[in-house]
Amino acid sequence: MNTFAKLRRNIANSVALILWPQSPQVLPVKGGAKRRTLVIGGGPVGLAFATTLHELGGDDMEITIADGRWIFDGRGIRWRKAAEGVNRRQQVVTIQSLVFTRLPVAVRSAIFPPGGYGEIWPNSRESPARLGYPRNIRIHDLEDRLLALAESQHLHLHPEEINAAELSLRDWELVVIADGSNSRTREHFSAAFGQADATPYSLEGRQVVDTVLGLQVRSGMPSASTVILTIAQQRFLFNGLPDGKGMLYMRLTDEEAAEVRGRVPGEREFRPCIQSNPCQVTWRADPSRGAFVCAQRGSEFTPADDPASFLWPRVLEGLKLFGIPRESLDAITTFPLAMTRRGAFSAEITPTGTPQRVFAALIGDAAGVTHFWPGRGLNRGLSSAYALAVVASRVDPAANLRSADFAEFEGIMAQLQSRHQDRAWRAMVQMRAGHVDSTKAIIRQAITGRRADRKVLLREMHIRTANLAAGLKDRLPSSPVLSELFAAYDEVDDETLAVLVATGAWETVGSGGAEVDVDAILRVTKVPGTDDIR
């Protein structure tokens with residue numbers, strides 16, 4: 001019966017899309033005492049919210065998720081492929097155990113099937129030993145698994161982008177905005193949410209923007225060694241799975257970032273790429289052309305073929321540091337990263353005094369981007385999704401929503417913003433000789449300035465690395481080998497060593513301290529012997 005009902009619903013959705021391809025009003029809505037919720041954005045955070053709300057609210061919730069990156073193929077909803085205009089995200093993300101153990105068991109099991117994740121990072125305050133190690137997973141896999149769960153829960157899946165200006169608010173009581181950092185929906189309702197403020201994340205009146213190069217690779221180095229090498233400096237970051245597949249990130253100077261561009265063979269002008277959906281600024285290795293090629297524009301990544309490039313040799317040095325053969329570099333992606341502070345995360349989007357009130361809430365990157373260098377971006381997003389699901393599930397579905405219903409959600413979002421963005425800001429800037437400067441500027445100074453003798457640089461990195469390895473050896477899933485780490489430094493040139501020394505190890509003193517525990521704040525309790533929330 002469930003299969004037949006699901007097939008009938010998918011056929012109805014498909015016919016509706018043919019007849020009214022631009023109309024959000026055709027989204028399926030049922031009557032009765034159910035909380036009618038629309039989730040705009042079907043990425044990992046939007047899907048995590050919807051599936052969690054279903055588990056907590058059950059039949060009291062009528063949930064629809066809309067995303068233009070999906071397509072109905074006659075059998076069900078699936079993600080569009082590259083040829084259909086969508087580049088799926090291949091990055092490996094780390095989810096802390098204090099975050100994933102709070103999710104309902106059905107959601108947690110869907111995200112982490114047996115053998116479907118890796119553990120390489122150490123226990124910490126956000127992943128205490130009693131809850132287990134952090135878990136690594138590809139975003140691509142996370143999205144696929146949550147979409148499959150949403151289908152099995154019989155949530156309404158709408159494979160179309162929502163135009164907020166055409167949205168019929170009378171069909172909904174709660175609109176959850178989870179469509180990314182450049183959310184058009186949030187901007188449409190900016191009068192309700194207000195504008196974000198970049199001032200707290202600026203230096204000398206200018207917002208600090210990092211450009212990070214993402215290199216899709218496979219490292220031959222053991223996971224414990226890649227972790228120690230990563231936290232010993234702030235130029236390169238490797239995050240992957242135990243098989244070595246993952247992403248090597250490289251923080252760029254402004255001069256290096258200016259080199260990140262493509263050109264179509266035979267054309268004189270460069271084709272700058274922008275970070276927007278569906279293009280993710282990705283050039284993939286094309287053996288037939290002997291170049292890294294952008295499938296969306298047909299451009300080739302020019303630094304890889306430019307003998308005068310100052311960026312490309314530094315990319316190759318990063319590969320050598322992490323034991324990555326040149327031929328294991330499969331794709332190149334850019335990520336411009338900057339942060340702002342928001343003052344509101346929920347708002348009434350109908351005029352004040354409207355009898356049938358409609359509220360909206362921001363989660364994920366729509367609520368604010370956290371610079372991912374300290375590894376907390378998706379954790380903040382999943383925590384926001386879980387918090388909103390718990391809060392929404394506690395409200396009587398037969399009652400109109402009120403601003404007071406979101407007070408706890410606002411408090412949690414403010415804490416998450418403060419905690420995670422403070423940590424990230426301390427990775428974007430550093431104190432040098434009594435002056436605060438951006439980390440990317442420190443990298444530039446190390447490249448252009450005078451540097452110490454190679455022996456001095458090696459000694460500094462050996463001491464720093466040995467101290468980190470000793471402090472973390474009992475907290476890691478596997479133990480690092482110092483001789484292997486020291487050998488990695490021998491592989492790179494003097495300039496790279498100078499940059500590693502200058503950027504310093506990850507900052508942990510100022511960014512340490514207690515983490516945001518959503519369950520504790522919301523006074524969530526579990527039924528003894530189960531994972532059920534009450």
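**Exercise 1.** Determine whether tryptophan 425 is buried or exposed in this predicted model.

*Solution.* The relative accessible area of tryptophan 425 is 15%. Buried means under 20%, so tryptophan 425 is buried.

**Exercise 2.** Classify the aromatic pair formed by tyrosine 201 and tryptophan 425, and state which parts of the chain the pair ties together.

*Solution.* Step one concerns geometry: the ring centres of tyrosine 201 and tryptophan 425 lie 5.6 Å apart, with 70° between the planes. An angle over 60 degrees counts as edge-to-face, and this pair is accordingly edge-to-face.
Step two concerns location. Tyrosine 201 belongs to the loop between helix H7 (190-193) and strand S9 (202-203), whereas tryptophan 425 belongs to helix H12 (residues 407-428), so the pair joins parts 224 residues apart in sequence.
Step three concerns burial: tyrosine 201 has a relative accessible area of 3% and is buried.

**Exercise 3.** Describe the pair of phenylalanine 335 and phenylalanine 372, and locate both residues.

*Solution.* The two rings are edge-to-face, 5.9 Å centre to centre, with 85° between the planes. Phenylalanine 335 is in strand S18 (residues 331-337), and phenylalanine 372 is in the loop between strand S20 (359-362) and helix H11 (377-393). The pair thus links distant parts of the chain, 37 residues apart. Phenylalanine 335 is buried, at 6% relative accessible area.

**Exercise 4.** Identify the rings whose faces arginine 135 lies over.

*Solution.* Arginine 135 lies over the face of phenylalanine 112, at 5.0 Å from the ring centre. Arginine 135 also lies over the face of tyrosine 117, at 4.3 Å from the ring centre.

Key
Residues numbered from 1 in each chain as written. Predicted model: local features only at pLDDT ≥ 70, side-chain atom pairs only at ≥ 80, totals over all residues. Heavy atoms only, no water. Phe/Tyr/Trp six-rings, centres within 6.5 Å; stacked < 30°, edge-to-face > 60°. Helix = DSSP H or I, 4+ residues; strand = E, 2+ residues; numbered from the N terminus. Buried < 20%, exposed > 50% of the residue type's maximum accessible area, 1.4 Å probe, protein only. Lys NZ or Arg CZ within 6 Å of the ring centre and 35° of its normal.
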